[in-house]
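Below is a short report on the packing of one chain.

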Amino acid sequence: MKEKVINNAVGKLIRTIGFFVIFVSAALLALIYLKSLNVAALNNQIIPVLDFIERDIPFLFDYLLTFLVGGFILLLWTQSNNYFTRIFVTLLALVGVITHDIISTNNILIIDLEIKFLNDLLVKYDWLTFAIFAGAMLSVYFLLGLKKPKRISTNIISSALFILLIAVVVQMLPGIIGLESWTTGKVYGYILNGLFSLGFVTVTVGSAFGTLGFFRS
């Protein structure tokens, strides 16, 4: 039988901070992707919020992905009693982060960390980026989904990660199989942004429950 994960006072505080950081960053990402759907009724409510944050709290946008990943790492270290599992999943997540920073101009890491052999592999094998992202997301998905005791917060977030994994498949698969022309249509854009929106909205809901769990006796 899988041993139950029970956090002490410090672990509970770290878990709550992780949930709260995830909540803030996922909520903003959800708004950004919802805005991309170009639904007038939604944008009338979303745009003023995003404009306010960009004007008055710009660092949230500058380090949005950094906060999200940092929140997940804090959360992961409170979701298992096994140190090997914690370290393994954290390393997978960090490899995913480094891979993201190699292929993107919007870096997650505050420092510029370049690993030449990984960069060379990513250039040589088109599918490797997707494999790394999928492996990192699945490891977190299983860690949260299989955790005992079951919590509504981690169950919702693990479901959200599966939705986001589907979004990553939709985003990256056309380039891997040589069908980039698929990505130019409006329908593709709606599907992709809709999946990311749904995923981050679901993460927001799950992390809100997790943050409120701090007050549970």
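How many residues does the largest nonpolar core have, and which of them have the most contacts inside it?

## Basis

This is a predicted model, in which local features need pLDDT of at least 70 and side-chain atom pairs count only at pLDDT 80 or more, while totals for chains, interfaces and linings use all residues. Residues are numbered from 1 along each chain as its sequence is written, and side-chain values use heavy atoms, with hydrogens and water left out.

## Nonpolar cores

The largest nonpolar core has 39 residues. Those with the most contacts inside it are L68, F72, V140, L144, I157 and F200. A nonpolar core is a set of buried Ala, Val, Leu, Ile, Met, Phe, Trp, Tyr and Cys residues joined through side-chain atoms within 4.5 Å. Buried means under 20% relative accessible area, exposed means over 50%, and partly exposed lies in between (1.4 Å probe, protein chains only).

Six helices are listed as each supplying at least two residues of this core: helix 1 (9-36), helix 2 (40-56), helix 4 (64-76), helix 7, helix 8 (152-176) and helix 9 (186-212). Helices are DSSP runs (H or I, at least four residues), numbered from the N terminus. Helix 8 gives the largest share, nine residues. V140 touches F72, L76, V89 and L161, leaving aside residues up to four places away in sequence. Contact means heavy atoms within 4.5 Å. A second, separate core of five residues includes I98, L118, L122 and I132.

## Helix 6 against helix 7

Helix 6 (residues 116-124) packs on helix 7 (residues 128-145) at about 115°, with the axes 8 Å apart. Axes are lines fitted to C-alpha atoms, for helices over the stretch in contact, and angles run from 0 to 180 degrees between N-to-C directions. The two helices, helix 6 and helix 7, are therefore roughly perpendicular (65 to 115 degrees).

From helix 6, L118, L121 and L122 meet L128, T129 and I132 of helix 7. By class, this contact has five nonpolar residues, one polar and no charged. Ala, Val, Leu, Ile, Met, Phe, Trp, Tyr, Cys and Pro count as nonpolar, Asp, Glu, Lys and Arg as charged, and the others, Gly among them, as polar.

## Helix 5

Helix 5 (residues 83-103) has 21 residues and should span 30 Å at 1.5 Å a residue. Its end C-alpha atoms are 30 Å apart, which agrees. The expected span is 1.5 Å times one less than the number of residues.

Buried residues of helix 5 include R86, V89, H100 and D101. The buried residues of this helix pack against helix 4, helix 6 and helix 7. T99 lies in helix 5. At 0% relative accessibility, T99 counts as buried. T99 touches L118, L122, T129, I132 and F133, not counting residues up to four places away in sequence.

## Single residues

N38 sits in the loop between helix 1 and helix 2. Its phi is positive, about 55°, although N38 is not a glycine. N38 is exposed, with a relative accessible area of 60%.

T211 is in helix 9 and counts as buried at 18% relative accessibility. T211 touches T16, F19 and F20, not counting residues up to four places away in sequence. T211 and Y190 are 21 residues apart in sequence and 31 Å apart in space, C-alpha to C-alpha.

G175 lies in helix 8. At 38% relative accessibility, G175 counts as partly exposed.

Notes:
Parallel < 35°, antiparallel > 145°, perpendicular 65-115°, else oblique.
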